[in-house]
Amino acid sequence: MFVVRNYVTMGGTVACALAIGYLMQYGPAAQKNAMSGQDEVIVASNAAVDLTGIKRVVLTASTSAANTSFSESGTSENTSRFQPRVAQKCALSARAKPAPDATATLSIKAPCHENATLEIHHNGLIFNTVTNEEGAARLTVPVMAEYAIFLISMGEDGGTVATTHVPEVRNFDRVALQWTGDTALQLHALEFGASYGQPGHVWANPEASGAGSIVGLGLRGLSESRNVEVYSFPKSSTSSGTIELSIEAEITASNCDSELAVQSLELRDALLTTRDLSLTLPDCSQAGQFLVLNNLLQDLTIAAK
């Protein structure tokens, strides 16, 4: 059994208070102006954002509207009385840069948080990653919007924002599948009549080949991890026909006879559609088998050039 709820996201999904504050202060127009003529924007969690034509405001964790006044320049006059919640040397920061195939390279620094779990939000996508022994993380993310906003959170230890401009995203159709937990979900694409295991069968296997590609994000095998798989197909392809999309779920002793919440995001012709799916997995006598779901995702139809 599964239940589908379908709706359309008209713009970037803002998933936490950090993003709401960022967008309320600057807005989409300000973001585009700030990014014009440059490839990246860096925002540190304890630093002010200084954009041309926008007043600069410095706030600390202990500053409140009741006891803070602002000068005409927009800078707090009494911030020197307050100490940052985290020392500058421990500040979380992130940088996003455009990369090939409408992706973004996300570089994160958290000097005082080695082997720490991070949660990343991007235009509806939510997934986890972890810092290394130096408190850094670097990953490549298929973007779901031309003006890509990444929200990086360490929970109570703070968060930050990184943005970049990726106009190349217009040249791709994308389908993403995301879920929470250690269930082994797989997104499969059979391009233009391809069979399983043949060229044109694209999935998260290094040996798979086709016009499209699949990228996996998250921390697999953890009960609370947020995981994502993204299938991308370039519009520059000269092939035409249908790409069949399916989901496979491995039935295990930990997920059998349970309900699984899954979400799909489909970016087609710059329109992002999100679908919530509720799946009931078979009973535990089926552990070790794979459940194949063929009709949950809309197939891609590629017109002849």
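Author: The largest nonpolar core comprises 32 residues; such a core is a set of buried Ala, Val, Leu, Ile, Met, Phe, Trp, Tyr and Cys residues joined through side-chain atoms within 4.5 Å. Within this core, the residues with the most contacts are Leu-106, Ile-108, Phe-150 and Ile-152. Ile-108 illustrates the packing: beyond residues up to four places away in sequence, Ile-108 touches Leu-92, Ser-93, Ala-94, Leu-118, Ile-120, Gly-135, Ala-136, Ala-137, Leu-139 and Ile-152, a contact being heavy atoms within 4.5 Å. Another core lies apart from the largest one and holds 24 residues, including Leu-185, Leu-260, Val-262 and Leu-277.

The model is predicted: local features require pLDDT of at least 70 and side-chain atom pairs pLDDT 80 or more, whereas totals for chains, interfaces and linings use all residues. Residues are numbered from 1 along each chain as its sequence is written, and side-chain values use heavy atoms, with hydrogens and water left out.

As to confidence, the mean pLDDT of the protein is 78, and 71% of its residues reach 70 or more; pLDDT is the predictor's confidence in each residue, from 0 to 100. Confidence is highest in strand S4 (residues 103-109), at a mean of 98, and lowest in strand S1 (residues 2-9), at 40. Strands (E, at least two residues) are DSSP runs, numbered from the N terminus. The pLDDT is below 50 over residues 1-83, a stretch with 125 contacts in the model beyond near neighbours in sequence.

Ser-264 belongs to strand S16 (residues 259-268) and is buried, its relative accessible area being 0%; buried means under 20% relative accessible area, exposed over 50% and partly exposed in between (1.4 Å probe, protein chains only). Leaving out residues up to four places away in sequence, Ser-264 touches Ala-176, Thr-273, Thr-274, Arg-275 and Leu-297.

Ser-232 is found in strand S14 (residues 226-234) and is likewise buried, at a relative accessible area of 6%. Setting aside neighbours within four places in sequence, the contacts of Ser-232 are Pro-142, Phe-172, Asp-173, Arg-174, Gly-212 and Ser-213. With Arg-174, the side chain of Ser-232 makes a side-chain to side-chain polar contact of 2.6 Å (N or O atoms within 3.5 Å, one able to donate a hydrogen and the other to accept it; residues adjacent in sequence count only if both atoms are side-chain atoms).

There are also 2 disulfides, a disulfide being a pair of cysteine sulfur atoms within 2.5 Å. One joins Cys-90 to Cys-112, with an S to S distance of 1.9 Å, and is left-handed, with -65° about the S-S bond. This pair links distant parts of the chain, 22 residues apart: Cys-90 in the loop between strand S2 (40-44) and strand S3 (93-99), and Cys-112 in the loop between S4 and strand S5 (117-122). Cys-90 counts as buried at 15% relative accessibility, whereas Cys-112 is partly exposed at 34%.

Cys-256 and Cys-284 form a disulfide with an S to S distance of 1.9 Å, right-handed at 75° about the S-S bond. Here, too, distant parts of the chain are linked, 28 residues apart: Cys-256 lies in the loop between strand S15 (241-250) and S16, and Cys-284 in the loop between strand S17 (271-280) and strand S18 (290-293). Cys-256 is buried at 8% relative accessibility, and Cys-284 is partly exposed at 45%. With bonded cysteines counted along the chain, the disulfides follow the pattern 1-2, 3-4.

How values were computed
Helices (H or I, at least four residues) and strands (E, at least two) are DSSP runs, numbered from the N terminus.
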